[in-house]
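Please keep the sequence and the structure in view while reading.

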Amino acid sequence: MAEIVAVAGVPHTPGFPALARTDTAAGADVAQRYAAVDEVVERADADVLIVLTCDHINTFTPDMWPTFAIATGDGALGPNDDVPGVPRTAYALDAGVGATLHRGLVGQDFDPVALRDHSVDHSVVVPLHFLNGRGLPVVPVYLNGMVAPRPSAERCRRLGRVLRGALEALPGRRIAVVASGSFSLEVGGPRMLPDQLYGVPRPGWAGTVADRLHRGDLDGLVAQTTERRIEEAGTVAGEVLPWIAAAEMAADLSVAHMDHRQGEGHAFAAWGPA
């Protein structure tokens, strides 16, 4: 059966790829933080990368908004929104892995949309920019972290468990998983910082999430991740849900790296073999 050899989590701030290429202290810092996660992923020698993420009303629309969706096609174009310095690219997907995960979820009472032809936004493109230098085939898996009502944290944890079980149908595959997103983040709302395109309404909550993940306290994190807390933490704070699913998929791994700084709304993390 397939083996999950690494799990990672990173933010997907659209400006980070361009910033990381600048000859500045901030650029070097961002590049180093992603590189520390990439080192764990590279060392795992995976052959496919599953990206757990939330779309930002770029791939889907409010008129057609799935709670869960899985890419089952052979390729996807992206970004379908603005990522400075990242040209529109054709990404190779692993249709076989996507179809296997789709069947596995349906067999366990999940009803994900099967995406046979779709494009991806910065929530997929930014992690791939930093963590997929070998050009591995990818399987995007979408969780609704944006539009209420969202799936509960417990259901997203179960999603991770079912995804892990579905991989048993893939003999010999080496799987890396990446959770994409932040824990406290306001975009397009009244709590953005002056002269900035974002805000961090609940930095203390972001620190709590990072601490729970670092200590392996997924029970505590799931119990604390209520709809009200997500709403308080920012307009896109539901991005914590892919992290919860990914942490469940990392159940057999150990925390290899956890980088969260006080005041930030995100973290850079990786799990690898004990």
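**Pockets, a cavity and a helix contact**

The largest pocket has a lining of 26 residues, and T13, P14, L185, V187 and Y198 are the ones nearest its centre. The model is predicted.

**Largest pocket**

- The volume of the largest pocket is about 770 Å³.
- By class, its lining has 11 nonpolar, 11 polar and 4 charged residues.

**Second largest pocket**

- The second largest pocket holds about 230 Å³ of space.
- Its lining consists of M1, A2, E3, I4, R161, R164, G165, L167, E168, M249, D252 and L253.
- Two elements, β1 (3-10) and α5, each supply two or more residues to this lining.
- Of the elements, α5 contributes the most, with 3 residues.
- The lining of the second largest pocket splits into 6 nonpolar, 1 polar and 5 charged residues.

**Cavity**

- How much space lies in the largest cavity? The figure is about 40 Å³.
- The residues lining the largest cavity are C54, D55, F60, W65, P66, T67, Y142, L143, N144, G145 and M146.
- This lining comprises 7 nonpolar, 3 polar and 1 charged residues.

**Contact of α3 with α5**

- The crossing of α3 past α5 is right-handed.
- Which residues of α3 and α5 meet? On the α3 side they are T100, L101, G104 and L105, and on the α5 side L159, V162, L163 and A166.
- The contact residues of this pair divide into 6 nonpolar and 2 polar, with no charged residue among them.

**Where the topics join**

- The lining of the second largest pocket includes 5 charged residues, whereas the contact of α3 with α5 has no charged residues.

Technical notes
Residues are numbered from 1 along each chain as its sequence is written. This is a predicted model: local features need pLDDT of at least 70, side-chain atom pairs count only at pLDDT 80 or more; totals for chains, interfaces and linings use all residues. Side-chain values use heavy atoms; hydrogens and water are left out. A crossing is left-handed if the near helix is turned anticlockwise from the far one by less than a right angle, and right-handed if clockwise. Helices (H or I, at least four residues) and strands (E, at least two) are DSSP runs, numbered from the N terminus. Contact means heavy atoms within 4.5 Å. Ala, Val, Leu, Ile, Met, Phe, Trp, Tyr, Cys and Pro count as nonpolar, Asp, Glu, Lys and Arg as charged, and the others, Gly among them, as polar. On a 1 Å grid over the protein atoms alone, a cavity is a set of points where a 1.4 Å probe fits but cannot get out, and a pocket is an open set with protein on both sides within 12 Å along at least five of seven lines; lining residues have an atom within 4 Å of a point. Grid points are joined across faces, edges and corners, and a volume is the space filled by probe spheres set on the points.
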